[in-house]
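The following note is intended for a colleague who is meeting this structure for the first time. Please read the numbered points with the structure in view.

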Amino acid sequence: RGEILADVAIETAVAEGKGLARIEGKVLFVKNGLPGDIANVKITNVTAPINVRVDYGNVLLEKTVGALNMDIGSCNVTCGNQKGDVNFQSEYCNLSLGGVEGNIKGKLNSGKIDLLDVTGNIKFDADYSNIKMNNVKGDLNMVTNSGNIVGERIELISAANLNTEYGSVDIDFVNDIDKMSFDLKTSYGNI
């Protein structure tokens, strides 16, 4: 994003006055581009799926658009202002997602999950992990073997399924929960 590509050949005209170009197998839509034009193109909006694979280290993503698919080994991951669904898988990770407009689905063996300002449904299977949420709007489906599930300012759309074997569930719902569906379980913790 923000990168300028030089000497891009417009191949064909498409809808809405845009021209179609290809760079390294990826399709670009160029405003006011005509077939045969050679143009310098500034990338302003990336909507293709973003695939991230990191074995060890830190990952920082800001203002991404489109599906975000992450396969992470042992890392710290921070992602802010994501517009699109997030699919996440990790062995050990500290995950921080903020400003997400899309559904989140993930699997984590061990670590910590922080979710802030999320609009979308959330589904996590986290074995030895704590899940903390703040200002979330959507349905929740979370399972953790040994960890706590906590949340402040949670607005459910229709349902919450929260299950922890050796942890506690502590959620502050902001909307009328009388009409919602709940499945809350803990074997050795508090709700």
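Is N81 buried, partly exposed or exposed?

1. N81 has a relative accessible area of 39% and is therefore partly exposed, since the buried class is kept for values under 20% and the exposed class for values over 50%. The residue sits in the loop between strand 7 (68-80) and strand 8 (86-101). Its backbone also deserves attention: phi of N81 is near 60°, a positive value in a residue other than glycine. As with everything below, this is read from a predicted model.

2. The secondary structure of the protein chain consists of 15 strands, with zero helices.

3. On overall dimensions, the C-alpha trace of the protein chain spans about 70 × 40 × 20 Å along its principal axes. The radius of gyration is 21 Å, whereas a compact globule of 191 residues would have a value near 16 Å. Contacts in the sequence sense can be set beside these dimensions: of those between residues at least 6 apart in sequence, 10% join residues at least 24 apart.

4. Of the 191 residues, 37% are buried. The chain carries 18 positive and 25 negative side chains, and the centres of these two sets lie 4 Å apart.

5. L5 has its place in strand 1 (residues 4-9) and counts as buried because its relative accessibility is 18%, a value under the 20% limit. Leaving out residues up to four places away in sequence, L5 touches I23, L28, A39, N40, V41 and I43. The C-alpha atoms of L5 and K42 are separated by 6.3 Å, although the two residues are 37 apart along the chain.

6. D7 also lies in strand 1. In contrast to the buried L5, D7 counts as exposed, with 61% relative accessibility. D7 is not a glycine, yet its phi is positive, at about 55°.

7. What is in contact with L116, leaving aside its neighbours within four places in sequence? The partners are L97, G98, G99, N134 and N135. L116 is found in strand 9 (residues 104-119), and it is partly exposed because its relative accessible area is 41%. Its C-alpha atom is separated by 6.8 Å from that of V136, which is 20 residues away along the chain.

8. S158 is found in the loop between strand 12 (149-155) and strand 13. With a relative accessible area of 36%, S158 is partly exposed. Apart from neighbours within four places in sequence, S158 is in contact with D139, M180 and S181. S158 and E11, by comparison, are 147 residues apart along the chain, and their C-alpha atoms are separated by 47 Å.

9. The structure holds three aromatic pairs. One of them joins Y166 and Y188 and is stacked, at 4.9 Å centre to centre with 10° between the planes. This pair links distant parts of the chain: Y166 lies in the loop between strand 13 (159-164) and strand 14 (169-173), and Y188 in the segment after strand 15 (181-186), 22 residues apart. Y166 counts as partly exposed at 47% relative accessibility. Y188 counts as exposed at 58%, because the exposed class begins over 50%.

10. F173 and F182 form a further aromatic pair, which is edge-to-face, with 5.3 Å centre to centre and 70° between the planes.

Definitions and conventions:
Residues numbered from 1 in each chain as written. Predicted model: local features only at pLDDT ≥ 70, side-chain atom pairs only at ≥ 80, totals over all residues. Heavy atoms only, no water. Helix = DSSP H or I, 4+ residues; strand = E, 2+ residues; numbered from the N terminus. Rg over C-alpha atoms; globule rule 2.2 N^0.38 Å. Buried < 20%, exposed > 50% of the residue type's maximum accessible area, 1.4 Å probe, protein only. Contact = heavy atoms within 4.5 Å. Lys, Arg positive; Asp, Glu negative; His and termini not counted. Charge placed at Lys NZ, Arg CZ, Asp CG, Glu CD. Phe/Tyr/Trp six-rings, centres within 6.5 Å; stacked < 30°, edge-to-face > 60°.
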